[in-house]
Amino acid sequence: EGQIIIDGVDVTKLSEHKRAAYLGRVFQDPMTGTAATMGIEENLALAKRRGKLRLLKPGITKAERAEYKELLKILGLGLEDRLTSKVGGQRQALTLLMATLQKPKLLLLDEHTAALDPKTAAKVLEITEMIVNRDHLTTMMITHNMQDAIIHGNRLIMMMEGKIIL
């Protein structure tokens, strides 16, 4: 119950596609944030065009391809050399990049490292912190990992059975 106000705008009753203009989201399930049958650059193109008018024109321009290569370099995963490849094990890092491409008013991270092995989870958290700090993004991270919450959070709320307890 209540209202959801983002940057002074009541988005409580907006349809999901209209609310998406304010939000970037990364879910626990790595398969949720990308189109598995599309290549890396195609997924990035979808994210870049989110909330914008889409016209019939060539899919991905040379300038966009160069932009995507530069964006992918920050991940340090070598994806910039595999733009046309299908999304693989680095799916969650790519989803994070896609969710922040339009610099959302609020970035929601719903246990975005829970399904990852420890090494990949640490890398995704490192990339998350870098992007959030670089772009000054307001972020809500839901996690059951108290260590991650303490290390990466600057305001912590502990809940149990839907109620704030600390």
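Which residues does Leu72 touch, not counting residues up to four places away in sequence? Select Leu72 in this predicted model and display its surroundings: the residues it touches, with those sequence neighbours left out, are Ile40, Leu44, Leu79, Glu80, Leu83, Leu94 and Leu97.

Next, select helix 5, residues 118-135, whose 18 residues reach 26 Å from the first C-alpha to the last, close to the 26 Å expected at 1.5 Å a residue. Show the side chains of Ala121, Val124, Leu125, Ile127, Thr128, Ile131, Val132 and Asp135, which are the buried residues of this helix. If you turn the view to look down the axis of helix 5, these buried residues fall within an arc of 165 degrees, and therefore they line one face of the helix. Among the elements that cover them are helix 4 (91-100), strand 4 (106-110), strand 5 (139-142) and helix 6 (146-152). On the other side of helix 5, by contrast, Pro118 and Lys119 are exposed.

Finally, visit the two ends of helix 5. At its start, select Asp117, where a side-chain oxygen reaches to within 3.2 Å of the backbone nitrogen of Lys119. After the helix comes His136, whose phi is positive, near 50 degrees.

Technical notes: Residues numbered from 1 in each chain as written. Predicted model: local features only at pLDDT ≥ 70, side-chain atom pairs only at ≥ 80, totals over all residues. Heavy atoms only, no water. Helix = DSSP H or I, 4+ residues; strand = E, 2+ residues; numbered from the N terminus. Expected span 1.5 Å × (residues − 1). Buried < 20%, exposed > 50% of the residue type's maximum accessible area, 1.4 Å probe, protein only. Arc of directions from axis to C-beta. Contact = heavy atoms within 4.5 Å. Polar contact = N/O pair within 3.5 Å; in protein donor to acceptor, adjacent residues only side chain to side chain.
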